[in-house]
Amino acid sequence: MTESWIIVGAGSAGCVIANRLSSDASRQVTLLDAGPPLLPGSVPAGIRGPSFFAAMQEPGRMFTELLATRAAGIEPTVYQRGRGIGGSSAVNAMVALAGSAELYRSWGWHDAANAWSRVAIPTESAADGELGPVDLALLHDPRAETLPLTRAHGERVTSAEAYLWPILDRPNLTVLAHSATSHVRFEGRQAIGVALENGNLLDADRVVVCAGAIHSPVVLLRSGVDTPGVGRGLQDHPSVVFTLALRPHVHHDGTALPLGSALHARIGDDLLQLLPMSNVGPDPQAKGLGALMAALMTPTGRAGSVTIDENGHAVIDFALLDDSHDLRGLVAAAELAVELLSSPAFEQIVEQVFIDDVGTEVASLSNRSALEAWVRESCGDYVHATSTCAMGTVVDDDFGVRGYDDLYVCDASVFPSIPDANTHLPTTMLAERFGLRHCAPS
């Protein structure tokens with residue numbers, strides 16, 4: 001007897017789950033996404049190329065009207081989320097970090113190592129000639145290292161390419177682009193399919209929502225799901241950005257690889273990350289500019305939320321600095337960046353360092369109180385939203401939504417708390433855990 005599944009969202013998790021579920025010929029699997037397709041032979045140049053800035057500019061690849069508040073007193077701005085088959089894996093900076101094995105063990109994920117062994121996303125580091133001047137300056141510090149990137153042979157490999165392209169000929173798999181989901185349909189508390197925003201109704205025996213930490217709770221809330229905790233506990237890695245005016249002799253093409261290295265430092269139990277960018281995109285106004293981002297990778301605040309307004313649209317408040325621990329950690333990351341920017345390696349390539357878009361120089365942060373005030377005013381995210389449908393609260397160990405039958409969630413929203421790494425690969429591992437629990441080994 002055929003069992004039908006619908007997967008809502010074709011990003012870092014949805015592509016994996018479509019592959020693993022459809023490996024069983026007795027299942028009929030339909031994968032949906034709101035955005036454009038990504039097919040062999042027709043990958044847009046921006047996605048194929050080295051610059052995530054170019055990838056984000058490809059038509060239809062971003063949710064351009066998704067506004068979010070980062071911290072109290074800061075005006076909402078667009079929150080960058082990938083859209084279309086491949087999701088954010090098609091537009092991200094390709095950073096391929098796994099995060100702490102100890103953290104996964106603390107959640108009771110004893111199958112994490114097995115799940116990691118199944119991850120099909122290839123990784124490779126940037127070639128020496130691709131590293132830009134800010135990368136090279138950072139690498140003078142012994143704590144810095146070149147990063148593994150989700151690439152092969154110098155080109156991005158998205159989740160769609162790794163997990164969907166090899167199986168597009170499976171007769172039991174249907175991939176539907178330009179198919180935005182409105183809500184999950186129920187009979188009582190049993191999921192029976194989804195309604196699309198165009199009015200079409202699709203039936204299924206089981207529904208897996210993989211729309212990401214912003215859109216998965218939105219879909220559940222629009223569906224009337226009343227499980228406590230949906231949309232609560234939103235986290236991201238708080239960050240600040242230093243803009244670098246590079247010296248005239250320093251050149252790095254705005255269409256080249258923006259970053260290929262990082263520096264990680266431990267302060268007590270906290271992990272800080274400095275991420276250099278040797279260009280900030282192909283816009284002519286960005287020529288000659290680089291950046292150094294400083295982030296706290298171990299935030300503890302859980303005051304953030306995703307809710308919906310009367311029209312069913314997302315209302316996003318990260319509340320990134322509501323926890324005093326997170327403020328202290330981000331200030332420490334900023335202090336580390338200021339210290340690094342005064343090193344000879346950076347002074348050789350950087351003419352001026354700005355802390356805002358009106359040209360205020362870093363020298364204005366002359367003491368810790370000034371630095372803390374700037375961090376409060378300038379705190380941003382790392383586009384690593386997680387934990388809005390947390391395992392142990394909203395979903396059970398098998399990813400099932402508590403209080404409902406045949407409804408599952410699997411994406412970064414399910415992390416009990418935010419991983420201490422860039423979230424693409426951890427989310428891929430998470431989806432492989434779903435496969436281990438719901439699919440026979442292939």
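Trainee: In which helix is His215 found?
Mentor: This is a predicted model. His215 falls within residues 212-222. That stretch is helix H8.

Trainee: Is His215 buried or exposed?
Mentor: Buried means under 20% relative accessible area. His215 has a relative accessible area of 17%. That value is under the cut-off, so His215 is buried.

Trainee: Which residues is His215 in contact with, leaving aside its neighbours within four places in sequence?
Mentor: Contact means heavy atoms within 4.5 Å. With those sequence neighbours set aside, His215 touches Phe63 and Leu66.

Trainee: Why is helix H1 described as largely enclosed by the rest of the structure?
Mentor: Helix H1 covers residues 14-22. Its buried residues include Gly14, Arg20 and Ser22. H1 is largely enclosed because 9 of its 9 residues are buried.

Trainee: What is the volume of the largest cavity?
Mentor: A search of the whole structure for cavities of 30 Å³ or more finds 1. The largest cavity has a volume of about 60 Å³.

Trainee: Which residues lie closest to the centre of the largest cavity?
Mentor: The lining has 13 residues. By class, 7 are nonpolar, 3 polar and 3 charged. Closest to the centre are Gly301, Phe318, Ala319, Leu320 and Asp326.

Trainee: How many charged residues are in the lining of the second largest pocket?
Mentor: This pocket has a volume of about 190 Å³. It is lined by 17 residues, with His251, His252, Gly254, Lys287 and Gly288 nearest its centre. The lining has 6 nonpolar and 8 polar residues, and the charged ones number 3.

Conventions. Residues numbered from 1 in each chain as written. Predicted model: local features only at pLDDT ≥ 70, side-chain atom pairs only at ≥ 80, totals over all residues. Heavy atoms only, no water. 1 Å grid on protein atoms, 1.4 Å probe; cavity = no way out; pocket = protein on both sides within 12 Å on 5 of 7 lines; lining within 4 Å. Points joined across faces, edges and corners; volume = space filled by probe spheres on them. Nonpolar A, V, L, I, M, F, W, Y, C, P; charged D, E, K, R; others polar. Helix = DSSP H or I, 4+ residues; strand = E, 2+ residues; numbered from the N terminus. Buried < 20%, exposed > 50% of the residue type's maximum accessible area, 1.4 Å probe, protein only.
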